Amino acid sequence: MKNIVILISGRGSNMQAIVNAQIPNARIAAVLSNKADAAGLAWAAERGIATEALNHKDFTDRQSFDSEMIKRIDRYQPDLVVLAGFMRILTPEFCSRYEGRLINIHPSLLPAFPGLHTHERALEAGCRIAGCTIHFVTAELDCGPIIAQGAVPVLEGDSADDIAARVLEVEHQLFPQAVADFVNGKLHIQGHRVNGGSNTAPACAQLLT
């Protein structure tokens, strides 16, 4: 049984998708947030999952916050730490602590559009497709080895919210499968490439048919 700790900052819809998937041999040990009012904490608590909140505003710098967060996470002896909408830039020390067992989901087809406002930037660039990426986390923002990606079409007249909603549907398919692949020992990092993943989310071509 693999212990999984999930970090969120809001409603945690991807966290909910992972919990609801009931992945064999996976135990959601805890859900942690940097916001006490994150809706996802209440959702997890209602299902008997341990929850904790640690307000980053109570700390003088990112290093001290991450150090305390590490202490909280390590109480649950995690085999995997999942960033499911955790809106914090992590220190190199945090990334190193969980190297090879820290994954994130990002709402773009990396390496395109790292950082924030991905869908607005995709529209501004005239992209015909958008999507999401699940990757192992490294100290360099949104640049770790890619586990899986899912693409959606950008349609005529789309707003950033339209694209976000379409991408989120794919995220909810892709993320639980990536966690399951990790739990089952299928993911193998070779250089900057991850081999062995399922990547079963629909491709853009399928969505257009």
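Q: Hi! Where is Asp142 found?
A: Asp142 is in the loop between β6 (129-136) and β7 (146-153). Helices (H or I, at least four residues) and strands (E, at least two) are DSSP runs, numbered from the N terminus. This is a predicted model, where local features need pLDDT of at least 70, side-chain atom pairs count only at pLDDT 80 or more, and totals for chains, interfaces and linings use all residues. Residues are numbered from 1 along each chain as its sequence is written, and side-chain values use heavy atoms, with hydrogens and water left out.

Q: Thanks! What is the phi of Asp142?
A: Asp142 has a positive phi of about 55°, although it is not a glycine. Most residues other than glycine have a negative phi, and most peptide bonds are trans.

Q: And is Asp142 buried or exposed?
A: Asp142 counts as buried, at 11% relative accessibility. Buried means under 20% relative accessible area, exposed over 50%, and partly exposed in between (1.4 Å probe, protein chains only).

Q: What about His117, buried or exposed?
A: His117 is exposed, with a relative accessible area of 54%. Its place is in the loop between β5 and α5, and its phi is near 55°, a positive value in a residue other than glycine.

Q: Which peptide bond is cis?
A: The one from Leu110 to Pro111, with omega near 15°. Pro111 is found in the loop between β5 and α5.

Q: Switching to charges: how many salt bridges does the structure hold?
A: The structure holds 6. A salt bridge here is a side-chain nitrogen of Lys or Arg within 4 Å of a carboxyl oxygen of Asp or Glu.

Q: Which residue does Glu52 pair with?
A: Glu52 forms a salt bridge with Arg72, and the closest N and O atoms are 3.1 Å apart. Glu52 lies in strand β3 (residues 50-53) and Arg72 in helix α3 (residues 62-74), so the pair ties together parts that are 20 residues apart in sequence. Glu52 is buried at a relative accessible area of 14%, and Arg72 is buried at 17%.

Q: What else is linked with Glu52 and Arg72 in a network of salt bridges?
A: Glu68 and Arg75 are in that network too. The side chains of Glu68 and Arg72 meet at 3.0 Å, N to O. Glu68 and Arg72 are 4 residues apart in helix α3, so about one helical turn separates them. Glu68 counts as buried, at 19% relative accessibility.

Q: And which residue forms a salt bridge with Asp74?
A: Arg97 does, with the closest N and O atoms 2.4 Å apart. Arg97 lies in helix α4 (residues 92-97) and Asp74 in helix α3, so this pair ties together parts 23 residues apart in sequence. Arg97 counts as partly exposed at 45% relative accessibility, and Asp74 counts as partly exposed at 23%.

Q: New topic: how much space lies in the largest pocket?
A: About 1100 Å³. Of the 39 residues that line the largest pocket, the closest to its centre are Gly85, Met87, Ile105, Pro107 and Leu116. On a 1 Å grid over the protein atoms alone, a pocket is an open set of points where a 1.4 Å probe fits, with protein on both sides within 12 Å along at least five of seven lines; lining residues have an atom within 4 Å of a point. Grid points are joined across faces, edges and corners, and the volume is the space filled by probe spheres set on the points.

Q: Which element gives the largest share of the lining?
A: α6 does, with 6 residues.

Q: Where does Phe175 lie, then?
A: Phe175 lies in helix α6 and counts as buried, at 0% relative accessibility. Phe175 and Asn14 are 161 residues apart in sequence, yet 7.1 Å apart in space, C-alpha to C-alpha. Not counting residues up to four places away in sequence, Phe175 touches several residues, including Asn14, Ile18, Val82 and Ile134 (contact means heavy atoms within 4.5 Å).

Q: Nice! Last one: how many residues of α1 are buried?
A: 6 of its 8 residues are buried, so α1 is mostly covered. Among them are Ser13, Asn14 and Ile18. What covers the buried residues of α1 includes β1 (2-8), β2 (26-33) and α6.
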